[in-house]
Amino acid sequence: MNLPRASQILIRALGAAFAIGLASCAAAQPAPGREPSFTADQLRIDLTAWQDWLRSTHPDLAHSADTAELDRQVEALGNSLTGQYSPLEAWMALSRLNPVYADAHTGLAIPSFPDADFPPVEIRDGHAWIGAAIAPESGLRPGERVVTVDGIDIDAMIANVLPHIRGETDSLRERILQLRFAEYLAFWSGRTRFNQIELQGIAGNRFSHSYTPQTDRPGEDGAAFSVEFRNHSAILSVRTFDLARFETFNTFLTDAFARIAARDSERLIIDIRENGGGARELSDRLLAYLTEDRYTPTSAITARIAPENIARIPGAELGQVVHLPFPQWVEPPAGLEHRFSGEIIVLIGPDTYSQGIVFANIVQDFQIGRIAGLPTEGAANQTGQVQRFTLPQTGFEARSPLYIFWRASGEASSSPVQPDILLPHAGEEQLTALLNMPGED
């Protein structure tokens, strides 16, 4: 087949399809009741169907998974199944494989509970804490630990569920649980509405709070983006590239870069340590303020030929895996007002993922700025265009990418993004270190 020609067809057809963020890494179809409803034989049928579909869909499981260990785990799981299973028990049994795939885009999703509702939390160290995003008018305060919800032991739920969530590392699995906490709690408890929350205060005292959805909610969208100034530096915090916030983001950037120009800021620190991904439309808009030179997020793709993409690659055959050149050149708009021309540093961390990783790759590969912080826990070469498959017996939804997108530098590995400036610690300590660092010559 003519690979360059096929590559051009893919470029036109795929566009920005590879950006799948952590925020999309949990929901599937509504769950049935909690009563025992599946036999061990039914789960074995689903296990076989899942693995057959996955191996005919994923471009290269070895990119993230130890395939020998995966084979061993699949066999052990099939042999261990016995008796009857409720939907929760069935998912807990099958999802033992999720961490083995070591990719948030691959594995078994929990059912969706669109009516589930709970205040924003942060998951760390095996506990759930009221998150910083809580609305100011709430009676809850950031940093209070959630002990029980209607008598449900939250530490026990986290300890049981966390090893079954998709993702490369425990930190990323905590991030997914944090983003979909209400749905995981609904699946675990069998209910979607919650009343009494027992908390441990910052001083160590325990107390009960009656959950009120009208006030115990996240604050305004503005918390997703912010800019502040310290000495001669501007700090731009971008916590998401969520496509639903494009207009808000565009307005924010227009205002932020006008303020940065008015302050004559010499250094711009872009903090994406909490950015779990989203859409390239947002990251491209940000990049337009950082460079006037063209760039591409990718150099090549590895693709599994499936019914979903075979028409895009002339001469391809179903089941074939191909490796194609795949540049996606972007030309920043000429003459953009307030484009930044000073020193640029992008601050990353373990929770930087998906389109956040792609953004960091571009900045590093095209020397737009330097990368600082700690390595990501997701691979620099990301998977994408996630496919979905409904298991025939349980109705659970399996997921698999069709593509591996290779960064513009051409580095072919499953390694994370490595900072140019390695900063230990976290939070304010990292920002302080950057602010005190001498400028570039």
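## A stacked pair across the chain

W53 is buried, with a relative accessible area of 13%. Its partner in an aromatic pair is F389, which counts as partly exposed at 23% relative accessibility. The cut-off that divides the two classes is 20% relative accessible area. The model is predicted, and a search of the whole structure finds 17 aromatic pairs. W53 and F389 form a stacked pair, with 5.2 Å from centre to centre and 15° between the planes.

The angle counts as stacked because it is under 30 degrees. Both residues lie in helix 9 (residues 246–262), three residues apart, and are therefore separated by about one helical turn. An α-helix has 3.6 residues a turn, so residues three or four places apart point the same way.

Both F249 and F252 are buried. They belong to one aromatic cluster together with F225, F241 and F359. F359 is a residue of helix 11 and is buried as well.

## Helix 11 and its cover

Helix 11 spans residues 355–365 and is mostly covered, since ten of its eleven residues are buried. The buried residues are Q355, G356, I357, V358, F359, A360, N361, I362, V363 and Q364.

## Two glutamines with positive phi

Helix 11 is followed by Q367, which lies in the loop between helix 11 and strand 16. Phi of Q367 is near 50°, a positive value in a residue other than glycine. Q367 is exposed, with a relative accessible area of 72%; the class begins over 50%.

Q385 likewise is not a glycine and has a positive phi of about 50°. Q385 counts as buried at 14% relative accessibility, whereas Q367 is exposed.

## Overall fold and dimensions

The protein has twelve helices and 19 strands. Its C-alpha trace spans about 70 × 65 × 35 Å along the principal axes. For 441 residues, a compact globule would have a radius of gyration near 22 Å; the protein has 23 Å, which agrees.

Among contacts with a separation of 6 or more, 77% are accounted for by residues 24 or more positions apart. Of the 441 residues, 54% count as buried.

## Surface and charge

The protein exposes about 18200 Å², and carbon and sulfur atoms supply 49% of this area. There are 35 positive and 55 negative side chains. The centres of the two sets of charges lie 2 Å apart.

Key
Residues are numbered from 1 along each chain as its sequence is written. This is a predicted model: local features need pLDDT of at least 70, side-chain atom pairs count only at pLDDT 80 or more; totals for chains, interfaces and linings use all residues. Side-chain values use heavy atoms; hydrogens and water are left out. Helices (H or I, at least four residues) and strands (E, at least two) are DSSP runs, numbered from the N terminus. The radius of gyration is taken over C-alpha atoms; the globule rule is 2.2 Å times the number of residues to the power 0.38. Buried means under 20% relative accessible area, exposed over 50%, partly exposed in between (1.4 Å probe, protein chains only). Contact means heavy atoms within 4.5 Å. Accessible areas come from the Shrake-Rupley method with a 1.4 Å probe; for residues, only the protein chains shown count as cover. Lys and Arg count as positive and Asp and Glu as negative; His and the chain ends are not counted. The place of a charge is taken as NZ of Lys, CZ of Arg, CG of Asp or CD of Glu. Rings of Phe, Tyr and Trp (its six-membered ring) pair if their centres lie within 6.5 Å; planes under 30 degrees apart count as stacked, over 60 as edge-to-face and the rest as tilted.
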